[in-house]
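Subject: Structure handover and findings

Hello,

Here is the structure we talked about handing over. Please open it alongside this note. My findings follow below.

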Amino acid sequence: MPLQYDLLFSENAMSFKKSAIRELLKLTAKPEIISFAGGLPHHDTFPIPHLKEIVADLLHREGKKILQYSTTEGDQSLKEELCKWLAKDGVSVKPDQMLIVSASQQALDLVARIFLNPEDTCIVGLPTYLGFLQSASAVRGKMVGIPLDDDGIRTDQVKDQITRLIKEGKKPKFIYVIPDFQNPAGVTLSLERRKHLLKIAEEFDIIIIEDSPYRKLRYSGEPIPTIFQLDQGRGYVVTLYTFSKIFLPGFRLGWIIGPKHVIEKMILAKQGMDLCTSLFTQAIAREYIKADRLDGRIEKNIELYSKKRKKMLEALEKYMPKIEGLKWTKPDGGLFLWVSLPPSMNSDRMFYEAIKENVAYVIGSAFHCDGEGQNTMRLNFSYPSEDEIETGIQRLAKVIEKEKEKTDKGLNNVVPQSP
Ligand SMILES: Cc1ncc(COP(=O)(O)O)c(C=O)c1O
């Protein structure tokens with residue numbers, strides 16, 4: 001009799017769901033497909049020659065130290081460099097309010113672990129970052145979605161929902177937002193709404209989790225203060241940063257800033273996860289910042305990605321069919337934009353048609369905690385070349401046009417088949 005593993009797994013493990021999106025993304029791996037599906041920074045932005053110099057020098061000078069175990073809190077000298085770097089963005093914070101993490105996904109896992117009991121609620125955007133949905137689901141937290149518009153999450157509805165949840169005895173623990181160039185929608189939370197969110201947090205005594213991987217990748221418009229800055233040290237905000245989109249995703253390196261009490265709890269949780277984040281990558285990042293190269297690197301990223309964003313917006317304008325209800329966001333930064341189809345259309349089923357035409361996107365429903373959003377999709381513009389963007393959008397426009405015709409004729413009621 002084979003071992004019944006399912007009888008041994010924890011309830012949390014049994015609640016893990018196989019990600020439909022992973023299965024779909026496997027279909028996008030063929031070389032002939034132009035993929036707008038990933039969220040990858042472009043490899044041309046990786047500063048390989050500088051890294052070679054830094055690594056050789058570091059191994060020579062500090063090899064015995066940086067290849068060792070380290071503290072869970074993170075390397076003090078990296079934290080000091082990061083505090084100086086954040087100060088340039090108006091964020092005033094001390095090293096003991098900071099925790100170095102193995103990139104933002106670990107930060108999200110820490111947030112879920114220290115705040116959510118099974119069935120505890122939190123507020124998220126509709127849509128929101130898929131990786132957070134996974135972290136919160138892993139501890140059996142419940143997410144309550146609030147729609148977004150061009151100014152980010154609808155804070156008026158946040159307040160109404162919290163009031164309703166409190167009446168039902170399900171007061172949320174926190175509000176999770178990605179204020180700058182949100183993944184997946186590309187929209188930015190306005191200053192008024194940032195202030196409103198803080199007011200709500202204060203009124204109801206809950207915390208705001210501000211996830212900020214894209215903030216420095218701004219291509220147009222003026223920066224808006226972070227919610228952390230607006231809070232002015234009152235302790236209502238925890239902000240998550242990562243090197244993934246501005247430096248190197250392969251380093252798996254990020255940092256969290258927040259009230260000391262929260263940081264201390266996170267340190268305890270992190271100890272049981274990985275003891276410490278690699279000191280080797282922390283030391284390389286520290287030297288890179290110290291050599292004053294990070295801002296220059298980000299400038300170059302901005303130059304590259306803003307051209308690609310422009311190209312995608314122009315191609316959408318040029319090729320998309322004139323269909324009522326078909327629209328897309330025009331992000332001021334980040335890596336993504338968000339397309340909405342008329343409500344009668346379904347991007348989940350259209351995905352297979354797109355794959356047949358050698359173009360891919362991420363289905364919008366994957367970013368909806370309520371399973372809605374079937375008429376939406378996320379497009380990434382940082383990874384494909386400008387030529388690929390032009391050709392890919394042309395292909396996608398054709399797919400949308402054909403699908404619209406089929407929908408209008410009522411021919412879309414059959415379950416789609418994987419090609
Ligand atoms: C909003 C958001 N948060 C967190 C992450 C995780 O990033 P990483 O773990 O590479 O730092 C991503 C990655 O795409 C993201 O878009």
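Buried means under 20% relative accessible area, exposed means over 50%, and partly exposed is in between (1.4 Å probe, protein chains only). This is a predicted model, where local features need pLDDT of at least 70, side-chain atom pairs count only at pLDDT 80 or more, and totals for chains, interfaces and linings use all residues. Residues are numbered from 1 along each chain as its sequence is written, and side-chain values use heavy atoms, with hydrogens and water left out.

**Cysteines**

A disulfide here is a pair of cysteine sulfur atoms within 2.5 Å. The search of the whole structure finds 0 of them. Cys83 is in no disulfide. Its nearest cysteine sulfur belongs to Cys276, 20 Å away. Cys83 is buried, at 10% relative accessible area.

Cys369 is partly exposed, with 26% relative accessibility.

**Helix pairs**

Some conventions come before the pairs. Helices (H or I, at least four residues) and strands (E, at least two) are DSSP runs, numbered from the N terminus. Axes are lines fitted to C-alpha atoms, for helices over the stretch in contact, and angles run from 0 to 180 degrees between N-to-C directions. Angles under 35 degrees count as roughly parallel, over 145 as roughly antiparallel, 65 to 115 as roughly perpendicular, and the rest as oblique. A crossing is left-handed if the near helix is turned anticlockwise from the far one by less than a right angle, and right-handed if clockwise. Contact means heavy atoms within 4.5 Å. By class, Ala, Val, Leu, Ile, Met, Phe, Trp, Tyr, Cys and Pro are nonpolar; Asp, Glu, Lys and Arg are charged; the others, Gly among them, are polar.

Take helix 4 (residues 48-66) and helix 12 (residues 279-290). Their axes come within 10 Å and cross at roughly 125°. The two helices are therefore oblique to each other. Helix 4 passes helix 12 in a right-handed crossing. On the helix 4 side, the contact residues include Leu51, Ile54, Val55 and Leu58. On the helix 12 side, they include Phe280, Ala283 and Ile284. The contact of helix 4 with helix 12 divides into 11 nonpolar, 1 polar and 5 charged residues.

Next, helix 6 (residues 103-115) and helix 11 (residues 260-274). Helix 6 and helix 11 pack at about 110°, with axes 10 Å apart. That makes helix 6 roughly perpendicular to helix 11. Their crossing is right-handed. Helix 6 contributes residues including Leu110, Val111, Ile114 and Phe115, and helix 11 contributes residues including Val262, Met266, Ala269 and Met273. The contact of helix 6 with helix 11 has 8 nonpolar, 1 polar and 5 charged residues.

Then helix 14 (residues 347-356) and helix 15 (residues 386-408). Helix 14 and helix 15 pack at an angle of about 130°, with their axes 10 Å apart. Helix 14 is thus oblique to helix 15. The crossing is right-handed. Arg349, Met350, Glu353 and Ala354 of helix 14 meet Val399, Ile400, Glu403 and Lys406 of helix 15. The contact of helix 14 with helix 15 counts 4 nonpolar, no polar and 4 charged residues.

**Backbone points to check**

Most residues other than glycine have a negative phi, and most peptide bonds are trans. These are the exceptions I noted.

- The Leu126 to Pro127 peptide bond is cis, with omega near 10°. Pro127 sits in the loop between strand 3 (121-126) and helix 7 (130-138).
- The Asn183 to Pro184 peptide bond is cis, with omega near 15°. Pro184 sits in the loop between strand 6 (174-177) and helix 9 (191-204).
- Ala103 is not a glycine, yet has a positive phi of about 70°. Ala103 lies in helix 6 and is buried, at 0% relative accessibility.
- Gln232 has a positive phi, near 50°. Gln232 lies in the loop between helix 10 (227-231) and strand 8 (237-242) and is exposed, at 71% relative accessible area.

Ile208 is in strand 7 (residues 207-211). Ile208 is buried, with 0% relative accessibility. Ile208 and Ile175 are 33 residues apart in sequence and 4.9 Å apart in space, C-alpha to C-alpha. Not counting residues up to four places away in sequence, Ile208 touches residues including Ile175, Val177, Leu197, Tyr236 and Val238.

Best regards
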